Each structure stands twice: as C-alpha cells, then as structure tokens.
Amino acid sequence: MIVKEQPSALKLFLVMQGSVVPQILGKILVFTVLAIVVMALDRHVVALPHVSLTALSVFGIALSLFLGFRNNAAYDRWWEGRRIWGGIVSDTRNLARNCEIFIAEKEDRQDILGSAVAFAHAVRGDLHDTDVTGDIAIWIGDDEAARLGAQKGGAEAALRIIAGKVRALHESDRLSGFGQLAFSETVSALGRHQTGCERLATTPLPFVYSLLVRRTTYLYCVLLPFALVETTGPFVPIFVAVVAYVFFGLQAVTNELEHPFRQGQNGLPLRALCRTIEISVAQALDRPAPPPLSPRNGILG
Amino acid sequence: MIVKEQPSALKLFLVMQGSVVPQILGKILVFTVLAIVVMALDRHVVALPHVSLTALSVFGIALSLFLGFRNNAAYDRWWEGRRIWGGIVSDTRNLARNCEIFIAEKEDRQDILGSAVAFAHAVRGDLHDTDVTGDIAIWIGDDEAARLGAQKGGAEAALRIIAGKVRALHESDRLSGFGQLAFSETVSALGRHQTGCERLATTPLPFVYSLLVRRTTYLYCVLLPFALVETTGPFVPIFVAVVAYVFFGLQAVTNELEHPFRQGQNGLPLRALCRTIEISVAQALDRPAPPPLSPRNGILG
Amino acid sequence: MIVKEQPSALKLFLVMQGSVVPQILGKILVFTVLAIVVMALDRHVVALPHVSLTALSVFGIALSLFLGFRNNAAYDRWWEGRRIWGGIVSDTRNLARNCEIFIAEKEDRQDILGSAVAFAHAVRGDLHDTDVTGDIAIWIGDDEAARLGAQKGGAEAALRIIAGKVRALHESDRLSGFGQLAFSETVSALGRHQTGCERLATTPLPFVYSLLVRRTTYLYCVLLPFALVETTGPFVPIFVAVVAYVFFGLQAVTNELEHPFRQGQNGLPLRALCRTIEISVAQALDRPAPPPLSPRNGILG
Amino acid sequence: MIVKEQPSALKLFLVMQGSVVPQILGKILVFTVLAIVVMALDRHVVALPHVSLTALSVFGIALSLFLGFRNNAAYDRWWEGRRIWGGIVSDTRNLARNCEIFIAEKEDRQDILGSAVAFAHAVRGDLHDTDVTGDIAIWIGDDEAARLGAQKGGAEAALRIIAGKVRALHESDRLSGFGQLAFSETVSALGRHQTGCERLATTPLPFVYSLLVRRTTYLYCVLLPFALVETTGPFVPIFVAVVAYVFFGLQAVTNELEHPFRQGQNGLPLRALCRTIEISVAQALDRPAPPPLSPRNGILG
Amino acid sequence: MIVKEQPSALKLFLVMQGSVVPQILGKILVFTVLAIVVMALDRHVVALPHVSLTALSVFGIALSLFLGFRNNAAYDRWWEGRRIWGGIVSDTRNLARNCEIFIAEKEDRQDILGSAVAFAHAVRGDLHDTDVTGDIAIWIGDDEAARLGAQKGGAEAALRIIAGKVRALHESDRLSGFGQLAFSETVSALGRHQTGCERLATTPLPFVYSLLVRRTTYLYCVLLPFALVETTGPFVPIFVAVVAYVFFGLQAVTNELEHPFRQGQNGLPLRALCRTIEISVAQALDRPAPPPLSPRNGILG
C-alpha cells in the first residue's frame with residue numbers, strides 16, 4: 001500500500017510510482033496511433049464514415065456507469081478487506097485484554113496469545129501463499145510452528161489450539177465459566193474474520209462483468225476517432241489518448257483493488273498489520289515489542 | 001462460478017465461456033437487421049421520419065439509470081448470498097470450536113458436528129432442489145440421513161437435532177450452562193443464515209422492474225436506428241449491435257446474479273462451500289479430510 | 001408479491017398483470033394527445049415557440065436523479081421490510097430451538113411457541129389493518145385470542161405473555177438462568193423486528209419529495225412536445241408517450257414499494273410468511289404442519 | 001412530519017403545505033425577473049454575449065451530482081435519526097419485557113420503567129431544546145422530575161437512576177445476576193441511541209459543501225438565461241423559473257432533512273414517539289394507557 | 001469542525017472561512033489566465049484548433065463520476081470517524097453505567113472511569129500526534145499519566161489498566177462474574193473503536209485514485225478553453241474559472257474529509273468530544289463537571 005503524501009501540481013505528471021500509466025501505456029499508444037491513422041486517412045486519402053458524437057456520448061454514459069459500478073464494487077472489496085484485518089487486530093487485542101480480565105497467571109496467557117499471533121500470520125500466509133513458519137516459530141516454538149505451517153488451514157488450527165487451551169484452563173479451575181464464554185466469543189470473532197478473508201480471496205467479482213466492461217471499452221476507443229475526426233481537428237490523438245488513459249486506467253485500478261490481499265502497490269499491508277499485532281501482544285505479555293514496519297520507497301508491505 | 005483469470009486483450013473477443021453473447025445473440029441480430037433495413041429503406045426507397053439523437057439521449061440516460069439500479073440490486077443480492085454462505089462456513093467452524101472449548105469427550109462432539117455438515121448440505125439441497133441424502137449419510141448415518149432427506153425443511157431438522165443433543169449433554173452434566181448459552185447463540189446464527197437463504201430464494205426483485213426495464217430497452221433499440229440514420233452513416237448497424245450488446249448483455253447478467261443460488265455459470269459454488277465445511281469439520285474431529293473441490297473448465301460448482 | 005417467471009420477448013408487451021400501465025394509462029394518453037395537438041397547431045395553424053432540446057436535457061438529467069433517488073429509497077424500504085420479516089421468521093425458529101435447548105418438558109414449550117405464532121399474526125394484523133383473531137385462536141385458544149385481538153398492540157401483548165411464561169418457568173425451576181437470558185435476547189429480537197415494521201409503516205418518505213418529483217415530472221412532460229416538435233417529426237407523440245410511460249411508470253412503482261406492507265401486487269406476502277412460521281412451529285412441537293401457501297394467479301398474498 | 005396522502009394530479013400544483021415553494025419563492029422570482037431582463041435587453045437593446053448550452057450542461061451535470069450527494073447524505077441522516085428513535089422505542093419495550101422476565105414484584109418494575117419514559121422525554125427535551133419537566137413528573141414524581149429537568153444531560157441521569165435501581169434490586173436478592181446482565185445490555189443500548197441523537201444533532205454536514213453547492217447553484221442560475229436566450233425564445237423565463245424551483249427546492253429540502261430533530265414540517269415526530277413509549281410502558285405496568293397522538297392539519301409533531 | 005449557521009444569500013459570496021477558495025485560488029487564476037490567453041490568441045493572432053464541446057462533455061461525465069466516487073468515499077470516511085468517536089463517547093458512558101450496576105463501592109469505580117478518560121485522550125493524542133499527559137494527569141495522577149504518555153500506544157495501556165482493575169475487583173469479591181463479563185464486552189467495544197481510528201488514520205484512500213482524478217482534472221481544465229472559445233465568447237474566462245472552482249474545490253474538500261482526524265477546519269472536534277466524555281464521567285462520579293467546549297470563531301476544535 002502506498003502511504004506517501006500527494007505530489008504537488010508540478011510533480012503530478014512525472015510521478016510514475018503508484019501510477020497505472022506503465023501498465024496501460026501499450027494500450028494508450030495503440031489507440032493514439034489508431035487515431036492518427038484515422039485522421040490521416042480521412043484528411044489525405046479517403047473520407048472515412050463518421051460517427052455522430054452525440055450517439056457515442058450515449059454509449060459513453062453507459063460505459064461510465066459500468067466502470068463506475070465496477071469501481072465501487074472493487075473499492076468496497078478492498079475496504080472490506082481492510083476492515084476485516086482491522087477486526088483481526090482488534091480481536092487479538094480483545095483476546096489479550098480478556099486474558100488480563102479472566103486469567104490470573106501470566107504463564108497461562110502466553111500460550112493463548114502466542115497462538116493468536118500465529119493465527120494472524122497463518123491467515124496472511126494463506127492469502128499471500130507464502131510460508132510463515134519462521135514468523136510463527138518465535139511465538140509458539142519450532143515444533144508447533146512446523147506443524148501449523150505444514151498443513152493447509154494453519155489459521156483454523158491455531159484457533160483450535162486456543163480453544164483447547166481455554167478448555168484446559170477451565171478444567172483445572174484457572175478460568176471461570178464466564179471467562180470461557182468471553183473467550184468463546186472472541187475466538188468466534190477471529191474465526192469470522194478469517195472466513196471473511198477466505199470469501200474475498202476465493203470469490204472474485206463475477207467474470208462476466210470484466211468481459212462486458214472490457215469489450216465495451218475497446219469498442220468505444222475504436223469508434224472514438226471516427227466520432228472526433230470531424231469536429232476536434234488536430235486534438236484527435238490527444239483526446240483519444242486521454243480517454244484511453246481515463247478508461248483503461250480506471251480499469252487497471254479496479255483490477256488491483258478487486259483483490260485486496262494480492263501483493264502489489266495497492267495490496268493491503270498484511271505484514272505491517274501482523275507486526276502491529278505482534279507489538280500489542282508483546283506489550284500485553286510485558287515483553288520487548290518489535291518496532292513497527294516502515295514503508296520502503298513509500299510502499300508499506 | 002467462474003474462477004479463471006481475465007483473458008488477454010487478444011483473446012478478449014473470442015472468449016465465449018462466461019460471456020453472455022450466446023444468450024443474447026438472437027436479439028443482437030434482430031436489431032442489427034432492423035438497423036440495416038431502416039438504413040436501406042431510408043436511403044434507397046423512401047425518406048423515413050428521423051428522431052432527434054438528443055431526444056433519444058435523454059431517454060438513454062433514464063435507461064442507463066434503470067439498468068444501473070437493477071444491476072446494483074442484483075449484485076447486492078448475489079454478494080449477500082455469498083456473505084450468508086460465508087456465515088454458514090464461519091459458524092460451523094465456531095460450532096466446532098465451541099465443542100473444543102466446552103465439551104470434554106470427543107464422542108459427544110461427533111453428533112453435533114455431523115449434524116452441522118448435514119445442515120449445510122440440506123440448505124444446499126433446498127436451494128438447488130436436489131437430493132442430498134447421499135452426501136449426508138456418511139456424516140449422520142443412513143437412517144438419519146433418509147429421515148432428514150425425506151422431509152422438506154431438512155435444514156431446520158438438522159439444527160433441531162443439534163439443539164436436542166445440547167440439552168441432553170447439559171442434562172447429563174457433560175456441558176455447562178455457559179456452554180449451553182454459547183451453543184444456543186451459534187445455532188441461532190446458523191438458523192439466521194438459513195432463513196437468509198430462504199429470503200433471497202423466495203423473494204425475487206419486484207416483477208414490475210423487469211417489465212419496465214425490458215420494455216424500455218426494446219423501445220430504445222427500435223427507435224435507435226431512426227435517430228442514427230441521419231448522422232452515423234454506414235456505422236448504423238454496428239452501432240445498434242454494440243448498444244444492443246451492452247444493454248441486453250447487462251440485462252442478462254442481472255437476471256443471473258439476481259438468483260445467486262441457481263445453478264449456472266454465475267451461481268454461487270455451493271458444492272465447493274459444503275466441501276470446505278466438511279474439511280473443517282473433519283479436521284476438528286481428527287478425521288482424514290476430503291480434498292477441496294477444484295473448478296472444472298474454469299467453473300466451480 | 002408477484003412470483004412468476006419473466007415473460008418471453010413476444011409476450012412482453014401484452015402482459016398486463018404486474019404492469020403499471022393500467023394505473024398510468026390516463027396520464028400517458030393525456031400527454032400523447034397534448035403532443036398531437038402541439039404538433040398539429042405548430043404545423044398547420046401557427047408556429048409555436050420552441051424549447052431547446054439541450055436545455056430540456058439538463059432538466060431531464062436532474063429529473064432522472066430525483067426519480068433515481070426516490071426509487072432507491074423506496075426499494076430500500078421494501079427490502080428492509082422483507083429483511084425484518086425474515087428476522088421474524090428466523091427468531092421464531094430460534095425461539096423454538098431455545099425451547100429445545102433449555103426446556104425439558106414439551107408442554108412447557110407449547111405456550112411459548114403458540115404465543116410466538118400469535119405474535120407474527122398480530123404484527124401482520126396491525127400492518128394489514130385486519131382481524132387475525134381466527135388465525136390465532138387455534139394456537140392459543142379462543143379466549144386468549146379474543147383478548148389479544150381486542151386490543152391495539154396485540155403483538156406486544158403476545159411477547160409479554162412469552163416473557164411472563166419464561167419467568168414462571170424459571171421460578172418453578174424448569175428453566176435455568178442461562179435459558180432465561182437466551183429467551184430474553186430472542187424475545188428482544190422479535191420486539192425489535194416489530195418496532196421496525198411500525199417504523200416503516202408509520203414513517204413515509206418525506207412528503208416534500210413527492211411534491212417536488214411529481215411537479216417536475218408534469219412540467220417536463222408539458223414542455224417536452226415544444227422541444228421535440230422541431231426535430232422529431234411524426235415521432236413526437238410516440239416519443240412523448242414513451243417518456244411519460246418511463247417517468248410516470250417509475251413513479252407508480254416507487255409509490256407501491258414505498259409501502260412494503262400494504263396489500264397489493266408488490267406488497268410483501270405477509271400471509272405466506274406467517275404460514276412459514278406456523279409450519280416451523282408445528283414441526284418443533286411435533287404437530288402436523290399446515291401446507292405452505294401457493295401463489296394465486298402468480299400472486300403470493 | 002407530514003403524514004397525509006399524496007394529492008391528486010389536479011390539486012398537485014395548488015398544495016402549499018409541505019411544499020418548499022413559499023421558502024424559495026423569492027429566489028425563483030429574482031431569477032425569473034433576471035431572465036426577462038436578459039431576454040428583453042438581448043432582443044430590443046443590445047446583443048448580449050451568449051453561453052453555449054452544451055457548456056452549461058457539463059456544469060449542470062456536476063451540479064446535479066453535488067445536489068444528489070448532499071440530498072443522499074441529508075436523507076440518510078434523517079432516516080438514521082428515525083432508526084435511532086425506533087431503537088429507543090424498541091429498547092424501552094425490551095426493558096419492560098426484561099422486567100417481566102426477571103423481576104417478580106410489580107412495584108420493583110415501576111421505578112425502572114418510569115425512568116425509561118423520563119429518559120425518552122429527556123432526550124427529546126435536549127433535541128428540541130424544550131422543558132420536559134411536566135411530561136416527566138407524572139412518571140417519576142415532581143421532585144425527581146425537577147431534578148432531572150434542572151440539569152443538562154437529564155437523559156444520562158435517567159439511565160443512571162435505572163442502573164442504580166438494578167444494582168439495588170440485585171443487592172436485595174430480587175434480581176439475579178443474569179437479570180443484571182440483561183438489564184446492563186438494554187440500558188447500554190438506550191445509551192447508544194442517546195449518543196447517536198447527540199451525534200446527529202451536534203455534527204452538521206461539512207459546512208464547505210453548503211458553500212460549494214449554494215455558490216454553484218447561484219452561478220448556474222445567473223448564467224442560464226445567457227445560454228437559453230438564443231434557442232428557447234419566450235420560454236426562457238418559464239424555463240429559468242422551473243430550473244430555479246428544482247435546484248433551490250432540492251436545496252431547501254436538504255437543509256431540512258439534514259437536521260432530523262429540528263421542529264418543522266419535515267422534522268421527526270418526537271412527541272408522538274414519546275407517546276408511543278408511554279403507551280407501551282403503561283400497558284406493561286397495567287395502567288390505563290394515554291391515547292396516541294394524531295396529526296394536526298396533516299402534521300404529526 | 002465548523003458549526004455556524006449557513007450564510008444568507010447576500011453574504012454567501014463573501015464568506016471566506018470554511019471556504020476552499022483560498023486554497024485553490026492559485027489554480028483558478030492560472031486557468032483563468034490560460035483561458036484569456038487562448039481567447040486572445042484565437043481572436044487576434046492565429047486561429048487555434050478547437051475541441052468539440054460534445055467530446056469534452058463525455059470526458060466531463062467521466063470526471064464527474066470519478067470526483068463523485070472520491071467524494072463519497074471521503075465523506076464516508078469522515079462520517080465513519082465521527083461514528084467511531086460517538087462509539088467512544090457511548091461506551092465510556094456504558095462503562096460508567098456498568099460501574100453503577102455492578103460495583104457497590106464508589107472508590108472502586110474511580111480507577112476504572114479515570115482510565116477511561118485517559119483512554120479517550122490517549123486516542124486523541126495518537127491521532128493528533130500531540131502530548132496529552134497534562135489532560136490525563138488530573139484523572140489518573142501524574143505518575144500514571146507520565147507512564148501512559150511516555151509510550152506509544154497509551155490508549156491500549158489505559159484499557160489494560162481497566163482490565164487489570166476488573167480482575168482485581170473480581171478476585172477480591174467486589175465484582176461478580178456477570179459484572180466481569182459485562183466489563184469485558186464494554187472494554188472490547190472501546191478497543192474496537194480505537195482500532196477503527198487507527199485503521200482510518202493509517203489507511204488513506206488508494207493513492208492511484210488521487211493521481212487519476214487530479215491528472216484528469218488538469219487535462220480537462222487545459223482542454224476546456226479550446227472547447228469553449230468557439231461558442232461561449234467573452235464568457236470563456238468566467239466559465240473556466242467557475243469550472244475550476246467546482247472541480248478543484250470538490251477535490252480540496254475531498255482531501256480534507258479523507259483524513260477526518262487531522263486538525264483543520266473540517267477535522268472532527270476531538271477535543272470537544274473528549275470534554276463530553278469528561279463531563280459524563282464527572283457526573284457519574286458525582287464530581288463537578290467541567291464546562292463543554294464552545295466553538296471559537298465558529299470552529300469547534
């Protein structure tokens with residue numbers, strides 16, 4: 001995720017980082033060249049058929065609506081992903097506070113909170129398709145970490161460990177029934193967040209939208225020079241380039257935000273959020289806390 | 001549900017799977033032919049009356065708004081369906097964790113979790129109008145499965161079995177009052193999800209919208225050639241075809257997403273979600289877990 | 001509520017059931033005649049002043065926005081109404097399951113669940129302004145039914161009966177404190193749903209919107225012929241008729257959906273939902289369940 | 001709040017009650033006169049510079065978007081206000097039912113429910129900036145009422161009385177710990193509603209929106225005659241009047257709905273809602289209930 | 001946050017406070033001068049190429065959609081920030097009421113509620129990046145305040161103090177298990193609000209939107225004079241100035257609302273909200289309450 005401040009007006013058109021221009025430059029160029037060719041043919045070779053701009057504008061309104069819809073849906077997914085991870089942070093802290101409220105012995109808290117950190121890393125590991133055994137090991141020991149890392153579904157296993165520990169504490173009279181109930185609720189909340197991540201990661205926006213929107217965008221950009229050639233003169237290629245930038249650019253943004261958990265410039269900073277959790281848990285256990293992650297080149301990972 | 005990656009620009013116009021073109025090809029052709037006829041008549045036979053494009057564009061804006069509204073509403077239903085099933089997955093896992101937290105004996109957990117799997121399959125059976133007795137039998141035995149499968153409302157019956165089991169465990173002092181309370185809440189949550197599915201499945205979007213939108217789309221496409229004939233020249237049929245593709249295409253998408261639980265290319269993958277539940281429950285019971293379902297030809301069932 | 005499938009393209013323009021055309025036919029005719037008169041006067045008698053179509057289209061965009069807003073707000077109310085009734089269905093079932101979880105004796109469950117059915121009917125009776133004594137009598141006896149039916153606020157009284165019964169069961173040691181707490185929550189949820197129905201039924205959309213939107217629609221349709229007469233030729237009356245159909249049609253739909261609990265083609269099927277509740281409660285009490293209601297002429301009441 | 005039915009088409013343009021016309025008549029007249037002056041000057045004195053209508057329509061789209069945004073935001077506030085008060089009604093009834101479920105002695109219930117009515121009136125008193133001592137006195141006695149009325153924050157004080165009473169009942173063994181927990185949750189819900197009212201009442205929409213929207217509207221209406229004068233002929237003043245009616249009218253509506261708790265035609269009927277609460281509490285206490293408030297001249301206060 | 005009433009029509013264009021004009025005056029001037037230069041060159045020196053207004057209007061619609069999206073997203077963030085702080089106010093009061101319900105001794109309440117005030121200030125301190133040790137000291141003593149102020153994450157530490165106090169009260173039998181459970185829930189709610197603030201503060205809107213929207217706005221304003229020069233005559237500079245005001249103005253507003261916790265004219269009044277909390281807590285502890293903060297020059301800090 002990019003966390004730098006907005007560039008000033010002067011730098012605005014030079015900024016490439018965070019910009020979608022590099023991704024869509026090919027398309028912009030293709031349509032600009034097409035526009036130049038259409039203009040040249042029409043002026044110097046043979047009068048091409050023209051499209052009415054008003055007609056195209058009806059089409060443009062429809063296209064704007066589709067792009068707008070897809071953009072809203074993708075942004076909602078991105079923000080929901082962030083809210084879910086905010087929930088993981090929040091409910092891990094609630095778990096730590098419930099330990100403080102219901103469990104007298106500090107050692108008893110350690111297993112529960114270590115597994116909670118492992119849970120967060122395991123969710124991240126699943127989403128980023130990466131091995132998190134190393135990150136987990138310092139919290140729950142190498143053996144346990146290897147066991148969690150070995151199986152698909154390490155996040156669920158981590159919550160199961162917490163659940164088992166809660167029962168054991170209750171059976172040995174170190175946790176009351178009230179505490180058991182409170183832990184049951186917090187662990188359920190963590191499980192809900194994990195399933196929410198799974199939902200976003202495995203359910204893309206309906207495929208058909210992409211086809212509809214992308215095909216329409218291409219058709220629009222192909223027809224555009226024929227509509228502009230009559231009235232816009234030498235501005236035709238500039239205009240086509242700008243429109244291609246706007247429409248393909250929005251599409252590229254949408255494609256990224258649609259998958260909030262993919263690694264990339266606009267992906268959510270899951271590593272940094274896991275670190276936030278580690279810091280909170282370390283403080284709750286009176287351990288030295290690791291430093292928060294800082295952005296590298298303006299990007300928080 | 002289609003889970004493949006987006007096609008590259010070159011393949012974009014050749015992809016037929018997941019496209020709505022096959023469904024609406026007839027309509028596109030009819031209106032394209034109409035456009036050709038209107039254009040031919042107007043040029044070579046008799047000057048037909050023309051419609052002002054600006055006038056039609058007012059109409060087009062209204063149509064875009066209607067289609068946009070219906071599309072939003074349909075997508076919201078589809079996504080709500082997915083969220084509800086995410087809730088079923090999540091709360092079945094919570095049930096498993098509550099077993100871990102509150103119930104000491106492994107055998108006691110088995111009945112509850114087996115019925116939870118039966119619940120998920122029964123909800124799917126109701127929505128897909130299919131017999132799930134076979135899927136249930138391995139979890140709750142043939143007799144019980146036949147009994148659940150035989151009655152309409154097997155999902156409710158499955159939850160009733162869980163509820164009865166919870167009471168029995170409490171009466172024999174193997175489950176505390178706190179555990180009873182926690183199970184009561186989780187079972188209520190599962191019931192809420194089932195009623196949510198029922199709501200989406202039995203309450204379509206108001207019928208009158210379909211009439212209004214579809215009639216308006218037809219009228220618009222009939223009037224369009226009379227508006228374009230003056231200014232758009234030989235592009236008229238292409239233009240009409242594209243507009244028909246956009247408007248009828250969006251309508252076809254909307255019709256599918258409106259019913260998220262129907263089987264089809266854009267239907268939700270209920271079988272795969274039931275399998276996810278089976279895997280989680282198997283892991284909670286220390287049984288060998290079945291493999292997750294994979295998409296066939298890019299479609300997850 | 002209309003539950004039939006969408007008509008094919010051929011039947012689309014003949015369907016009258018579920019269509020708003022009968023309601024707004026008068027208005028469509030008036031404006032069509034006006035358009036013919038304006039056209040005739042302008043051509044054959046005296047040149048009337050013309051309005052610029054572009055000017056009118058600005059106005060048309062504003063009108064579309066208003067209609068779109070009102071339509072969204074009305075649909076949200078309709079869908080919220082459906083969600084609330086889904087909540088009534090769901091929480092009655094939760095009540096039945098809580099009976100199964102917390103109450104050992106079947107007879108003790110009967111009073112609670114009978115009153116829950118009475119609650120649903122009483123809410124429906126209030127919303128439809130109809131007498132439900134007959135429907136209630138078979139569940140809670142004639143005397144009690146007459147007493148509930150006699151007073152305004154029968155729904156609240158039904159919940160009060162449940163609450164009293166819960167206390168009595170606890171006092172006679174047939175229900176634990178945990179059970180009391182669970183029932184308290186479920187009864188509160190039912191109460192929230194009832195208050196939600198009351199809110200929708202007693203709070204219409206702000207009156208001023210209707211005035212603003214309706215006045216604007218009339219003005220727009222009056223000015224339209226003066227704008228079209230120059231450029232649209234013999235299509236003027238057809239065009240005006242279509243625009244009147246679209247704008248007045250959307251308005252009529254909105255008026256119906258704004259009041260989701262009114263009886264009518266687009267009203268919610270409260271009788272069918274009460275029947276769903278009766279079936280669930282009958283199954284929970286091991287009684288023979290009545291059949292679900294089926295649509296009559298495609299309408300579910 | 002206006003609760004009358006919609007006027008028929010004939011009466012539509014005569015209705016003044018509930019209309020915003022009286023408020024904005026001055027502005028409509030000013031701009032109509034301006035339009036007449038511009039038209040007269042342009043025709044008979046000197047050719048004024050003209051503005052392109054297409055250019056103005058770009059501007060008009062932006063303006064529609066701003067107005068649409070502000071309208072949505074204001075309506076959401078209004079409806080949130082209504083939902084919050086629905087919550088107050090609902091949770092007061094829940095409080096009454098919790099009394100029925102957990103408290104055996106009728107006298108013990110009286111103090112709690114009387115304070116709940118006082119709470120609702122006190123919230124209303126704060127929002128309407130009015131003295132509610134008289135309304136409260138019949139429920140909690142003159143002394144207590146004077147004490148609550150005297151301090152800012154009477155609503156909080158009323159909830160504090162309930163909380164204190166709950167503790168006292170528990171300490172004298174007339175309320176179980178479960179009951180205490182249930183009351184704690186219901187009182188917290190009432191508190192949340194009160195804070196929600198406070199939030200809406202003290203946080204207006206960002207001031208800058210008003211400036212931006214209002215300035216833009218004025219500029220638009222000033223430029224409009226220069227754009228219309230060329231193409232719209234004698235309709236110019238009518239057109240400007242209609243546009244001013246639509247844009248300033250929507251603005252006036254928005255200003256009212258933005259403050260849902262202000263007294264006025266579109267303000268929420270807080271008195272009537274308090275009465276609804278009084279009726280429910282009276283029924284719960286087996287007292288004679290006061291009659292519901294009826295609208296006066298179609299307005300419910 | 002600006003809390004003054006809306007200015008009358010006469011003052012509307014003179015108001016500078018709360019207006020974005022000062023921020024964007026430079027840009028407005030640049031584009032106005034550009035428009036004058038383009039107009040002068042075109043008329044008196046050399047015919048410049050013209051852009052079709054219709055073509056630009058397609059572009060304008062897309063731009064309106066982007067700006068509209070960004071504005072909605074930013075306003076939603078601002079309002080969510082306000083709702084979260086409403087939650088902090090509300091749950092601190094709930095904490096005070098839970099003290100009243102579950103804790104008999106007044107002294108025992110003091111530590112909990114003092115730390116709750118410290119929590120609110122610490123959240124504010126984090127968001128405003130300011131030292132709140134002084135504000136906290138009067139509630140929890142200088143030593144404790146210095147300790148909380150010294151560490152990053154003072155808010156979490158304050159909640160941890162509450163949690164520890166709750167356990168201590170329970171261990172010394174001054175708080176029941178029910179009370180423990182109720183406090184656990186309220187403290188969790190406070191923690192959720194704090195994490196919500198963190199989420200808004202650390203996760204800006206995706207950077208790429210800013211680039212896309214800002215670049216598009218600049219391009220639009222550069223092309224605008226070439227489109228207007230043909231048809232709008234001497235109004236060109238006025239028109240360009242107004243459009244620049246509208247588009248850059250909305251952008252400036254959006255930039256401010258996107259960061260609801262930054263100090264500034266449209267930032268949320270965190271100091272005033274903390275004071276509200278102090279007043280409620282003081283009343284709950286029977287201490288003299290400080291006066292609420294009043295706006296200075298119409299701005300509430």
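Keep in mind that the model is predicted.

I'll start with the single chain. Chain A is helical: 10 helices, 0 strands. Read along the sequence, the pattern is α-α-α-α-α-α-α-α-α-α. What about the overall dimensions? The radius of gyration of chain A is 26 Å. For 301 residues the globule rule gives 19 Å, so chain A is well over that value and more spread out than a compact globule. The box tells us about the proportions. Along the principal axes, the C-alpha atoms of chain A fill roughly 90 × 35 × 30 Å.

Now the arrangement of copies.

Some pairs of chains do not meet. There is no contact between chain A and chain D; their closest C-alpha atoms are 11 Å apart. Chain B and chain E have no contact either, and there too the closest C-alpha atoms lie 11 Å apart.

On to the interface of chain D and chain C. How many residues does each chain bring? Chain D puts in 67 residues, and chain C puts in 64. Together they bury about 5,800 Å². Carbon and sulfur atoms account for 66% of that area.

The rule finds 4 salt bridges between chain D and chain C. One of them can be picked out by name. The side chain of D91(D) pairs with that of R192(C), at 3.9 Å from N to O.

Which elements of chain D face chain C? Those giving two or more residues are α2 (53-102), α7 (177-202), α8 (207-228), α9 (236-257) and α10 (270-284). α2(D) gives the most, at 24 residues. By class, this side of chain D holds 36 nonpolar, 21 polar and 10 charged residues.

Last point. Do the copies meet through the same surfaces or different ones? Only 9% of the interface residues of chain D are also interface residues in chain C. The copies therefore meet through different surfaces.

Definitions and conventions: Residues numbered from 1 in each chain as written. Chains lettered and ligands numbered in written order. Predicted model: local features only at pLDDT ≥ 70, side-chain atom pairs only at ≥ 80, totals over all residues. Heavy atoms only, no water. Contact = heavy atoms within 4.5 Å. Buried area = accessible area lost by both parts, 1.4 Å probe. Helix = DSSP H or I, 4+ residues; strand = E, 2+ residues; numbered from the N terminus. Nonpolar A, V, L, I, M, F, W, Y, C, P; charged D, E, K, R; others polar. Rg over C-alpha atoms; globule rule 2.2 N^0.38 Å.
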